[in-house]
Amino acid sequence: MAALLYQFKGNCFNIYEHLSKDHKPDIDHNPEIFKNTTDEHYTTPYFHGEAIDGDMITEMFMEEQSGSYITVYRTKNESIQYLLCFKNILDGISEKPIRGPVVPGALVSMLDLTKPIPADNSPDNVNVLPCLYSTLYE
């Protein structure tokens with residue numbers, strides 16, 4: 001299922017259409033319950049999914065110039081917080097809370113963000129959506 005989410009960029013309606021070509025659903029239902037839109041968790045090239053530990057983030061930015069950035073999420077007290085991580089002009093790594101995986105244009109300009117660091121957008125990265133891993137594998 002994770003491979004289909006990546007292939008169709010999180011568009012559940014297209015996944016349903018793809019699966020229903022070869023398989024009949026066991027129950028009657030309305031396929032329009034699925035949104036026919038892509039999901040920004042799959043279409044944002046610099047969104048890295050669940051935050052890795054601080055040492056790995058530091059290592060990721062080691063060779064990058066100031067203005068380089070990624071977005072991630074962390075789960076804290078059963079709530080999800082999205083973060084912008086970027087290399088500042090002092091060569092340190094800064095984190096700012098944001099509302100989702102996409103950095104607003106005004107923030108890109110204000111912080112002089114110039115280089116998004118591409119994420120590993122493969123079906124093996126099941127931590128791109130909050131709670132996806134537990135949904136698929138537990």
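These notebook entries record what I looked up in a predicted model of one protein.

**Entry 1. Overall make-up**

I began with the secondary structure, and the protein comes to six helices and five strands. Reading along the sequence, I noted the pattern α-α-α-β-α-β-β-β-α-β-α. I then looked up burial: of the 138 residues, 37% are buried. For the accessible surface I recorded about 9100 Å², with 51% of this belonging to carbon and sulfur atoms. I also looked at how far apart in sequence the contacting residues are. Among contacts with a separation of 6 or more, 53% join residues 24 or more positions apart.

**Entry 2. Confidence**

I checked the pLDDT before going into detail. The average for the protein is 85, and 87% of the residues score at least 70. Confidence is highest in strand 5, at a mean of 98, and lowest in helix 6 (residues 132-137), at a mean of 49. Over residues 133-138 the pLDDT is below 50, and I noted that this stretch has seven contacts in the model beyond near neighbours in sequence.

**Entry 3. Strand 2 and its partners**

I turned next to strand 2 (residues 68-76) and followed its pairings one by one. With strand 1 (residues 47-50), strand 2 runs parallel, and two bridges join them. Here I found Glu50 opposite Tyr73 in strand 2. I also traced the path between these strands: strand 1, helix 4 (residues 54-61) and strand 2 make a right-handed β-α-β unit.

The pairing of strand 2 with strand 5 (residues 115-116) is also in the parallel sense, over two bridges. At this pairing Tyr69 stands opposite Pro116 in strand 5.

With strand 3 (residues 79-87), strand 2 runs antiparallel, and I noted eight bridges between them. For Arg74 I looked up the bridge partner in strand 3, which is Gln81.

**Entry 4. Two residues with positive phi**

I looked at Asn77, which lies in the loop between strand 2 and strand 3. The hairpin of these strands has two residues between them. Although Asn77 is not a glycine, its phi is positive, at about 50 degrees. I recorded a relative accessible area of 74% for Asn77, so this residue counts as exposed, the cut-off being over 50%.

Asp112 is a further residue other than glycine with a positive phi, near 55 degrees. I located Asp112 in the loop between helix 5 and strand 5. With a relative accessible area of 54%, Asp112 is exposed.

**Entry 5. Val108 in helix 5**

I placed Val108 in helix 5 (residues 105-110).

Val108 and Tyr69 are 39 residues apart in sequence, and their C-alpha atoms are 9.5 Å apart in space.

**Entry 6. Asn11 in a loop**

I then looked up Asn11, which lies in the loop between helix 1 (2-7) and helix 2 (12-22). Asn11 counts as buried because its relative accessibility is 4%. Leaving aside neighbours within four places in sequence, I listed its contacts as Lys35, Asn36, Thr37 and Thr38.

**Entry 7. Aromatic rings**

Last, I searched the whole structure for aromatic pairs and found six. I took up one of them, Phe47 with Tyr82: the ring centres are 6.2 Å apart and the planes stand at 45 degrees, so the pair is tilted. Phe47 lies in strand 1 and Tyr82 in strand 3, so the pair ties together parts that are 35 residues apart in sequence. I checked burial for both, and Phe47 and Tyr82 are each buried. Phe47 and Tyr82 also belong, with Tyr73, to one aromatic cluster.

Conventions: Residues numbered from 1 in each chain as written. Predicted model: local features only at pLDDT ≥ 70, side-chain atom pairs only at ≥ 80, totals over all residues. Heavy atoms only, no water. Helix = DSSP H or I, 4+ residues; strand = E, 2+ residues; numbered from the N terminus. Pairing = 2+ DSSP bridges. Right-handed = clockwise from strand over helix to strand, strands pointing away. Buried < 20%, exposed > 50% of the residue type's maximum accessible area, 1.4 Å probe, protein only. Contact = heavy atoms within 4.5 Å. Areas by Shrake-Rupley, 256 points an atom, 1.4 Å probe, with all protein chains shown as cover. pLDDT = per-residue confidence, 0-100. Phe/Tyr/Trp six-rings, centres within 6.5 Å; stacked < 30°, edge-to-face > 60°.
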